[in-house]
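Hi,

Here is the structure I promised to pass on to you. Have a look at it first, and then read on for what turned up.

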Amino acid sequence: MTTGTFRRRTVALPLIALLLLVMALTRPAFATLGENVATVQSDQAHMRANIRMTRTTAYTTHELQSPNGTVVREFVSPAGTVFGVSWQGQSLPDLRQVLGKYFDQYVQGMQKRAGHGPRIIQEQGLVVQVAGHQRSLSGRAYLPEMLPTGVRAEEVR
Amino acid sequence: MSARHSRNLTAIATLVGLLVLAGCGGGSSSTPGNGLTATSATSVQNVQPLVVNSGPPGVVYVNGAFTSVTVCVPGSSSCQTIDNVLVDTGSMGLRIVSSALSLALPQQNDGSNSPIVECNQFIDGFTWGPLRMADVKMAGEQAKSVPIQVIGDPAFTTIPNACSSTGPSEDTVQTLGANGILGVGPFRQDCGLACSIGGSVNPGFYYSCPSASSCAQTTVTLAQQAQNPVWMFASDNNGVILELPTVPASGAPSVSGSLVFGIGTQANNGLGSAQVLALDANGNFTTVFNGQPHSGSFIDSGSNGLFFLDSATTGLPTCSGNNQFYCPASTQNLSATNQGTNGVNSTVSFSVANANTLLGNASDFVFSNLAGPNPGSFDWGLPFFLGRNVFTAIESQGTPAGTGPYFAY
C-alpha cells in the first residue's frame, strides 16, 4: 500500500473505554479532511469502526474499518493534519464527516459534468476522485498543497 | 436535435407498446427460476429496442443507451410506458423519476405497515424515494410484482441526513439525465444479503418511514429490495445482451441497437464464440495494461466513456478546461487484457481520441473513443459496447456457460 523505510503496524486503539469517554464528553467534531488528527477519533466513533495505524517516515495512515465493510483511510502528516482520505465499500461513508468543510465543494463539483460515470474534481486546493459502481464504490480526496514533502498524491488511496 | 430524437423515441415507444401487447397474448411454455428455458415454438419476443442519443428533452447526454419500459399496477391492465430510461449494467433495479410517472403504483410496506423508502447510492450521487410495486414489461417479457424505486416522489421529500451526507441528489430528470434507470447488472438485487442483516453490518440503504418526515434505517428481505427485473421474467431470465453497432471515429448523432433478454435461451441469444469473464463478489475483474494488473475493473453501460488509470500511467494528457476526459494530440490506439476470476484472458483493442474535438461537435452524441481517467482501474463504459454484443449474466442463474455473475463478449 505504501512505501517507506520504516513501517510499523499496530493493531491498537480499539479502546472501548476511551471511545465511550470520547463519545460521552464530546459530540463528534464533524470535520476530518484538512483538520487535526484528533478528528480521526470522531470518525472512528461515528463509523463504529475498528482502527489500524500504519506509519511511514512521511505520514501516518489511520484505517477505519466499519462493521458494514466500508473502509476509510485517513492520511496524517507529521504536523498532525489530515491531508488525504480514501474510502471503499458497498456503501459510502458519511462524506459530510469525512470531507468536513470540503463537502459542499465536493457536492458542487460532482454536478459539473453531465452523464454518469466516475468523477474527478480538481480545484484550487482540493482534488476528489470517485469511481466504481453500485455495490463497489470508492473514492479519495486530498489537499495538494498540504501533501508532506516527498509524498505523491497517488499514495492517498 | 433532441426534439427529433424525442420523436424517434415516441415512435419506438409506440412500437414497443404494440410488441408488448402482442407478447402478452402469446403466452409461454417456459420454466421460471432456473434461467435455462427450453426454446419452443412459443418463445416470447425477447428483443427490446435501444437507442444511444442525447437523451430526454432538456438533457444533453453523451453515450447514453436508452430504452422504454412499461410498468403496470400489479395484476392489472393499468399501465404506462416510460421512455428515455437509461440501460445500466453497472446497477440493479428499475428506478423511475416521479415526474415521468403518472401511474399510481402501490407502495411496498414493511412488517409494521410502514412504507419502505430507499437511499440508493450511485458513484456520482444518490436517488431517494419509495419502493413501489409494478409489473414490468419489455418486449414480450413480463416480471410480476417487482419492487421498483420511484425517485423524488413528492410523498417523501424529507431526505435523511445519512442519505444527503453521501453526495449530490439525482432525483430529477435533469440531475439523473434520464426518466429512469434500468439496472440490469450481474446481480439479482441492488443491495443483496447485507441489507437483510440487522445491526451495524447493514449498509443502511433502506428506510422504514412511518411518516414522510420520520424515516429510520431498516433491514429488508432480499425479496423486498429493488430487483433487477430480468431475473423475475417468466422466461429468458438469466441475463441480457446489449447489441450496438460501431460508429465512425468522429462520432454519430445516434445509433439504434437491441437489448436482448436471455442467454442461450433462444435462437437469437447464444453465446457463440464470446469469451466469458467470471466476476468477483463485487462484480469486478482484473484488467492488465502495460503489464500491470488493475483489480476492481468492470464493464458498465451506464458509464459514458472509457475511463481508465491516469495521465501518469497512460501518458495521455487530460483536456485543458476539462480534466474528466483525455485529450491526446492525435488518436491513440491501445490494448488491454481483461482477466476473469475464471482465468479467462481477453485482449481488447481500443482508441482514445481528443475529447475536446469530439465533444466540440454539437450534433454528435455517440463516441467509441471518448475516454478519461479513472485512477487505479478500468471502467469499460458505453464505448466498449459499440460494435460488440456484450452479455451480462445474473448471479445464481444458469446459462450454457455456467452460472452468473459474468460478463461475456
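The contact between the two chains brings together 31 residues of chain A and 49 residues of chain B, where contact means that the C-beta atoms of two residues, placed from the backbone, lie within 7 Å. Please keep in mind that this is a predicted model, in which local features need pLDDT of at least 70, side-chain atom pairs count only at pLDDT 80 or more, and totals for chains, interfaces and linings use all residues. Residues are numbered from 1 along each chain as its sequence is written, while chains are lettered from A and ligands numbered from 1 in the order in which they are written.

On the side of chain A that touches chain B, strand 7 of chain A gives the largest share, five residues. Strands here are DSSP runs of E with at least two residues, and helices are runs of H or I with at least four, numbered from the N terminus. By class, this side of chain A has 11 nonpolar, 13 polar and seven charged residues. Nonpolar covers Ala, Val, Leu, Ile, Met, Phe, Trp, Tyr, Cys and Pro, charged covers Asp, Glu, Lys and Arg, and the others, Gly among them, are polar.

Chain B is assigned domain 1 (2–45 + 61–232) and domain 2 (239–408), with bounds from an automatic or database domain assignment. Their contact takes 29 residues from domain 1 of chain B and 40 residues from domain 2 of chain B.

Lastly, Ala267(B) sits in the loop between strand 12 (255–261) and strand 13 (276–278) of chain B.

Best wishes
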